[in-house]
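Please look over the sequence and the structure before reading on.

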Amino acid sequence: MSNTHAPAHRPQDLDDAIAGGVGESPLRPDGTLKVRGDFAYSSDLWAENMLWGATLRSPHPSARIRSIDIGPALRAPGVHTVLTAADVPGRNLYGLKDIDQPVLAEDVVRYRGEAVALVAADHPETARRALDLVEVDYEVLEPVVDAELAARDESVPKVHPGGNTVRYQPIVKGDPDATADVVVSGTYTVGMQDQAFLGPESGLAIPAEDGGVDLYLATQDLHSDRKQTAAALDLDPELVRMTMSGVGGAFGGREDLSMQVHVCMLALRTGRPVKIVYDREESFFGHVHRHPARMYYEHGATEDGDLVYVRAQLYFDGGAYASKTPVVVGNGTTLGVGPYDVANVSIQGWGMYTNNPPCGAMRGLGAVQPAFAYESQMDRLAAKLGMDPVELRVRNAISRGDTTPTGQVLDYPAPVAELLRRVRDLPLPEAQHPDTTPDIRDLPGGASNTTHGEGVVRGVGYGVCIKNICYAEGADDFSTARVRLQVVAGEPLAMVHTAAAEVGQGVVTVQQQITRSELGVERVNIHPNDTSVGPAGSSSASRQTYVTGGAVQAACRAVRERLLALTAERYGEPPSELSLAGGKVVSASSGVLADIAEVLGSEVVEETREYHHRETFPLDEQGHSERAQVQHAFSAHRAVVDVDTELGLIKVVQLDCSQDVGKAVNPESVVGQIQGGSAQGLGLAVMEEIQVGEGKIRNPSFTDYLIPTILDMPPMNVDVIERGDPNAPYGVRGVGEPPTISSTPAIVAAIRAATGKELTHVPVGPEHVIG
Amino acid sequence: MDFLRPACWSEALEAKANHPDATPVAGGTDVMVELNFDHRRPETLLDLTRIEQLREWSRTERDGVASVRIGAGVPYSRLIDELGTSLPGLAMASRTVGSPQIRNRGTLGGNLASASPAGDGHPPLLASNAEIELESVRGSRTIPIGEFFTGVKRTAMAPDELVAAVHVPVSTGPQQFSKIGTRNAMVIAVCTFAIALWPDRRGVGTGLGSAAPTPRPATEAEAFLAAALTDADQWDDPRPLPDSITERFGELVAHAAAPIDDVRGTAGYRTHALRVLARRTLSWAWDEYRGDTEFSGRQRCA
Ligand SMILES: Cc1cc2nc3c(=O)[nH]c(=O)nc-3n(C[C@H](O)[C@H](O)[C@H](O)COP(=O)(O)OP(=O)(O)OC[C@H]3O[C@@H](n4cnc5c(N)ncnc54)[C@H](O)[C@@H]3O)c2cc1C
């Protein structure tokens with residue numbers, strides 16, 4: 001169905017020899033289980049004698065808690081304990097960047113859905129019903145709901161004592177007051193998107209005899225969870241042991257804590273295993289969402305189409321707690337002009353507290369919102385100049401050696417112009433013969449039979465984006481890998497142990513592939529993810545193949561060194577002459593020396609290594625930094641859409657992507673990431689929005705929060721190129737996020753081409769199209 | 001929670017009489033969602049899936065009109081596969097319901113008893129003047145579909161009654177169904193429209209969904225169109241419809257709606273979309289009618 005151009009194994013201008021596992025697409029170890037429905041997710045966890053936890057949440061976006069009476073709930077048969085803020089053993093605050101969110105609300109609630117009390121009971125239904133018996137007396141307050149107003153107006157009530165600004169960041173490059181012959185401006189808004197992962201938040205906590213707790217859960221970052229949980233439990237982190245248990249998707253929504261501390265508190269209090277599983281509705285309240293944004297843009301250019309300046313003000317609604325808002329502001333402002341070379345830049349970004357649902361990490365963090373705005377602006381500019389939109393973008397594309405708005409010189413390939421040309425040159429869908437009646441499933445509205453061709457107009461649009469990869473702005477970004485090589489049943493077996501969360505992206509496969517390549521062995525096992533090995537950091541920022549891949553590579557090389565030293569001792573050949581391949585030690589001069597198994601004998605070779613990527617540095621007050629971000633990734637999309645201009649219904653007919661991935665460690669996974677990311681970007685373009693009114697989510701279910709189905713996601717031409725980054729292991733470049741970013745503006749551009757409407761909000765709804 | 005599993009229809013009626021507050025379960029595609037959301041906590045569930053007779057359909061004649069009697073437990077997938085020719089409007093609507101899984105499990109009886117304003121089965125039944133056969137231990141009665149829906153999720157069913165079947169006249173002319181949703185599959189209707197032409201009785205049927213507290217016909221639009229077609233002798237000698245007719249029909253359909261603003265769409269959009277759907281479905285139905293008449297005319301000559 002879909003036409004994919006997987007990358008060829010072409011040589012890199014890198015010193016690393018790429019052979020064996022790296023660059024192939026072996027079966028995922030979890031693939032068959034998942035497809036057959038046999039994979040155990042964290043919601044399937046079960047323990048003997050287990051209790052069920054449930055969470056009482058605030059019905060108000062802003063209120064003072066006058067009193068809480070847990071008596072009636074506690075007396076209900078089957079209820080084992082009811083806990084409130086007073087029962088939090090340690091620090092009743094957590095957070096990823098700013099530690100500002102209570103584990104359980106104390107005297108105020110700041111969003112509808114904030115956790116207020118916990119119940120453990122012998123049956124999930126008993127626990128849920130007991131929640132109704134907890135009596136909370138609220139003094140309801142007027143919620144703060146407008147982020148821009150909160151930024152501008154001092155009289156807006158303070159959501160937190162320190163004020164409503166989580167982060168303000170300006171970026172200035174060149175002359176902030178530059179002028180130009182051709183000017184376009186616009187105001188753009190992005191709705192609140194949900195990660196819509198399919199496996200709801202869930203975990204099972206088992207109290208341990210040493211006073212600690214073992215938590216089995218689905219998360220993106222075990223060590224970050226452990227640090228925050230231990231502080232709240234007032235336990236030594238060593239006593240809080242976490243084990244990854246089948247993750248049903250994440251997309252950023254599992255970076256913040258949800259049930260972690262709660263379920264551990266209940267287990268420690270009752271002395272029994274306790275499980276918490278959210279249902280879908282609770283999940284909408286139990287995790288952060290993508291920041292809605294309002295963005296004011298002005299672009300100035302010469303008559304020839306050279307960008308002279310970009311000025312922008314970006315307002316991000318962070319909701320009640322900070323979560324990743326500081327990073328969203330950092331990414332949004334630093335990447336706010338897009339993948340273009342612009343001499344004069346003046347951008348200001350605000351991340352604000354409000355009483356809306358908290359917003360945090362989601363695929364494309366902070367880069368999705370401005371990309372919709374700057375790409376819309378590029379189309380507007382092209383229209384004003386009478387230029388082809390691709391030509392305008394190519395003309396201004398950033399490339400290797402250029403300087404970003406923060407003053408960073410791109411010292412690695414940045415093939416933006418090439419990606420644009422390539423995606424433009426991919427085949428377009430074949431035109432329907434005028435005499436054939438179209439299948440209604442191929443038309444807007446699909447099987448709903450709303451058009452037989454009436455009102456349908458086709459449009460084509462483009463989008464291109466830039467995304468920083470890995471943590472930035474001075475964060476020490478690293479991962480840890482432990483690799484053990486030993487002989488099992490006569491064969492060398494490598495065991496890889498990291499805490500890198502497999503959230504569906506395939507990092508388990510990548511670790512196996514790297515180990516196979518580096519050690520020349522066939523059998524590689526993955527140790528379950530847990531906190532008994534050092535941190536891997538989060539499965540976010542498109543970073544795990546880069547960072548954990550780098551750590552596995554380093555640990556393998558350390559193991560190899562020891563193995564070769566053993567060989568050298570035994571066979572008298574210098575290690576520099578030796579290599580590993582096909583389960584054998586090979587000498588450059590005398591060929592195969594021995595089986596790895598023979599050399600190892602009963603020896604167990606184990607090495608643990610950390611991989612830290614190149615250092616990054618914070619932004620100064622002008623938004624300058626020698627290296628704010630370690631790497632950038634780029635993708636370009638072309639969308640072809642049919643729009644029923646009378647009804648406003650949309651069918652994306654084809655969505656094509658060219659992306660530079662540096663090195664495709666697993667080409668099939670790369671294509672999967674591009675397809676999945678594009679689908680998520682399509683969702684934001686035409687349907688996905690959490691509707692919030694007066695601080696309350698109006699559509700907390702998959703009945704009304706719509707995500708694309710197979711009939712909405714069209715076939716794709718995926719064109720992967722590999723321009724290796726000399727600074728990254730194997731030359732890799734983060735893959736997961738860019739396709740989520742550039743797909744949205746491409747689709748909206750195509751809808752504009754079909755309708756002539758301005759379309760300044762995503763998702764685009766029928767009413768925008770006919771309005 | 002009690003779970004009653006009657007093996008036959010009379011046992012089911014007994015059970016419902018003894019437990020009037022029992023919640024019947026057919027496909028469960030509405031009931032289970034309500035249980036999950038905790039919108040409903042029934043003491044007793046009454047499982048209807050073992051009753052063979054609810055899963056049968058048959059051809060009947062009612063007051064001289066060829067009809068199909070559809071057991072309340074017939075799922076959408078069978079309406080599509082087995083009744084697409086005789087009840088095309090209902091089959092088209094069935095195709096738009098949920099996903100293949102939902103169409104395999106979800107039943108017409110469940111759709112009716114849920115009485116959601118957005119139930120996709122309702123508009124084509126309205127356009128066909130279907131009748132609902134209700135039964136209890138007290139006996140059986142049949143009421144016109146127009147009298148079945150009494151409010152949002154409320155029906156004329158008595159607490160001891162069950163839906164036994166739906167009687168739908170076999171089509172005598174073209175039928176169409178259109179549904180607006182903001183995704184191309186698996187979507188609750190923003191609004192729906194059904195139209196049926198009945199050349200035998202020179203009548204027009206319509207049904208609107210998600211456009212008012214209950215599904216309803218656009219009675220004025222029906223009367224207008226039927227009269228316009230008769231006056232211009234269009235039934236026997238069909239010619240292209242003047243735009244003024246389709247426009248007016250669209251307006252009257254839009255006029256029949258009393259929609260609201262909600263998370264799925266605004267009242268204004270719903271009204272607009274109904275007007276467009278009314279015009280389009282009429283033109284498709286009319287094209288088909290003209291084609292059929294031409295075709296049967298040629299056959300007569302040959
Ligand atoms: C994912 C999903 C998508 C859906 N999409 C659509 C859609 O596109 N369009 C649409 O219209 N609906 C849709 N629905 C709703 C549902 O599938 C339909 O309303 C379906 O027809 C219900 O039939 P059922 O047999 O599953 O009913 P059940 O859930 O078993 O019952 C529904 C109601 O009818 C009562 N009931 C059932 N049978 C009888 C009887 N014989 N006598 C008296 N009362 C009875 C039950 O007590 C209950 O109140 C969807 C549901 C889901 C979960």
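How much area do chain A and chain B bury between them, and what share of it is on carbon and sulfur atoms? The two chains bury about 2900 Å² between them, 50% of it on carbon and sulfur atoms, where buried area is the accessible area (1.4 Å probe) that two parts lose on being put together, summed over both. Ser448(A), Leu647(A) and Glu767(A) supply 17% of the area that chain A buries against chain B, more than any other three residues.

This is a predicted model, in which local features need pLDDT of at least 70 and side-chain atom pairs count only at pLDDT 80 or more, while totals for chains, interfaces and linings use all residues. Residues are numbered from 1 along each chain as its sequence is written, chains are lettered from A in the order in which they are written, and side-chain values use heavy atoms, with hydrogens and water left out.

Counted by residues, 40 of chain A are in contact with 34 of chain B, contact meaning heavy atoms within 4.5 Å. Across this interface the rule finds 5 salt bridges, each a side-chain nitrogen of Lys or Arg within 4 Å of a carboxyl oxygen of Asp or Glu. Arg280(B) forms a salt bridge with Glu646(A), and their closest N and O atoms are 2.9 Å apart. The side of chain A that touches chain B divides into 14 nonpolar, 13 polar and 13 charged residues; here Ala, Val, Leu, Ile, Met, Phe, Trp, Tyr, Cys and Pro count as nonpolar, Asp, Glu, Lys and Arg as charged, and the others, Gly among them, as polar.

Turning to the rings, the structure holds 14 aromatic pairs over all chains. Rings of Phe, Tyr and Trp (its six-membered ring) pair if their centres lie within 6.5 Å, and planes under 30 degrees apart count as stacked, over 60 as edge-to-face and the rest as tilted. Two of the pairs are set out below.

| Pair | Centre to centre | Between the planes | Arrangement |
|---|---|---|---|
| Phe284(A) and Phe702(A) | 5.9 Å | 80 degrees | edge-to-face |
| Phe148(B) and Phe149(B) | 5.3 Å | 80 degrees | edge-to-face |

Phe284(A) is buried, with a relative accessible area of 1%, whereas Phe702(A) is partly exposed, at 25%; buried means under 20% relative accessible area, exposed over 50% and partly exposed in between (1.4 Å probe, protein chains only). Phe148(B) and Phe149(B) are both buried. Ring pairs also link Tyr168(A), Tyr296(A), Tyr315(A) and Trp350(A) into a cluster.
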